[in-house]
Amino acid sequence: MEETKKKPVKKTEEAPETKAAPKLTKAEEKSKATTLRIIAIILWVLAIGFEVLAILTLLKALYIPGLSQMWWMIIFIVLDLACCLVAGFLWKKASFLDPFKKTNNKVGFVILNQLGVIMAVICFLPLIILLFTNKDKMDKKSRIIVTVIAIVALLIAGLFGANFNPISAEEKEAAEHTITDNVYWTAFGHKYHLYEDCGSLKNSANIYPGTVTDAIDAGRSEVCFFCANRAEKEGMDMTGINVEEGVEELTGD
Ligand SMILES: [Zn+2]
């Protein structure tokens, strides 16, 4: 048998063997985020289209046979909401895969992360205002029903579109730089843990391990408060890393 020549594997000190590779490379994260953002924008445009149809139906500029004015409006509002919800979900997912930069752009950072809320307002508020101002275009009972549905849709879209735990590109980079060991997260929430035996993981049925990149990609953007405290005591520098806000008394030693 012929001997196969094997290239010696280079071992660098920066990348110890124990460090697992994230599921997605930086380039894959970026391209996936771009795709998700494009789909989200298309869905928001569609949502505005359904809002326009609802408005035209209200103003009786559009007549579609088969159902009453009220039912067509409800259908358009539901379609508007469906597009908004999926768009908001995809937009948020993208902002964990490829977060926006915060440095020198604090206002832009908030706007981009909360675009789901802004779009929810754009996709429903004009219709709601017109429902209040066009009292003669629809009978009172139907108008009240449609108005309530539109307001509820606005609230649902706004709530689901909001990003309650955004992360910046800088914060993700800091976490990836500092935290090289596996981290742990659960099916719900927005935290990840540095220690598998963290007290707040005790009652979780499913614990997912992975790199800090995987955790953030999965929408877990903050280090658990208890894990962060413990890591700091063990000498880890948490500068620049998104840490869960904790109870004031617990921060003291
Ligand atoms: Zn923890």
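Which residues does Ala87 touch, not counting residues up to four places away in sequence? Ala87 touches Ala40, Leu43, Trp44, Ala47 and Met119, where contact means C-beta atoms, placed from the backbone, within 7 Å. This is a predicted model, in which local features need pLDDT of at least 70, side-chain atom pairs count only at pLDDT 80 or more, and totals for chains, interfaces and linings use all residues. Residues are numbered from 1 along each chain as its sequence is written.

**Overall make-up**
- The protein chain has nine helices and four strands, taken as DSSP runs (helices H or I, at least four residues; strands E, at least two) and numbered from the N terminus.
- Along the sequence the pattern reads α-α-α-α-α-α-β-β-β-α-β-α-α.
- Of the 253 residues in the protein chain, 32% are buried (20 or more other C-beta atoms within 10 Å of the residue's own; 12 or fewer is exposed, in between is partly exposed).
- Among contacts between residues at least 6 apart in sequence, 75% join residues at least 24 apart.

**Packing of H2 and H5**
- The axes of H2 and H5 come within 9 Å and cross at roughly 5 degrees (lines fitted to C-alpha atoms, for helices over the stretch in contact, with angles from 0 to 180 degrees between N-to-C directions).
- H2 and H5 are therefore roughly parallel (under 35 degrees; over 145 is roughly antiparallel, 65 to 115 roughly perpendicular, the rest oblique).
- Residues making the contact include Cys84 and Leu85 of H2 and Ile149 and Ala153 of H5.
- The contact residues divide into 15 nonpolar, four polar and one charged (Ala, Val, Leu, Ile, Met, Phe, Trp, Tyr, Cys and Pro are nonpolar; Asp, Glu, Lys and Arg charged; the others, Gly among them, polar).

**Leu43**
- Leu43 lies in helix H1 and counts as buried because it has 21 C-beta neighbours inside 10 Å.
- Leu43 touches Cys83, Val86 and Ala87, leaving out residues up to four places away in sequence.
- The C-alpha atoms of Leu43 and Cys84 are separated by 6.8 Å, with the two residues 41 apart along the chain.

How values were computed: Two residues are in contact if their C-beta atoms, placed from the backbone, lie within 7 Å.
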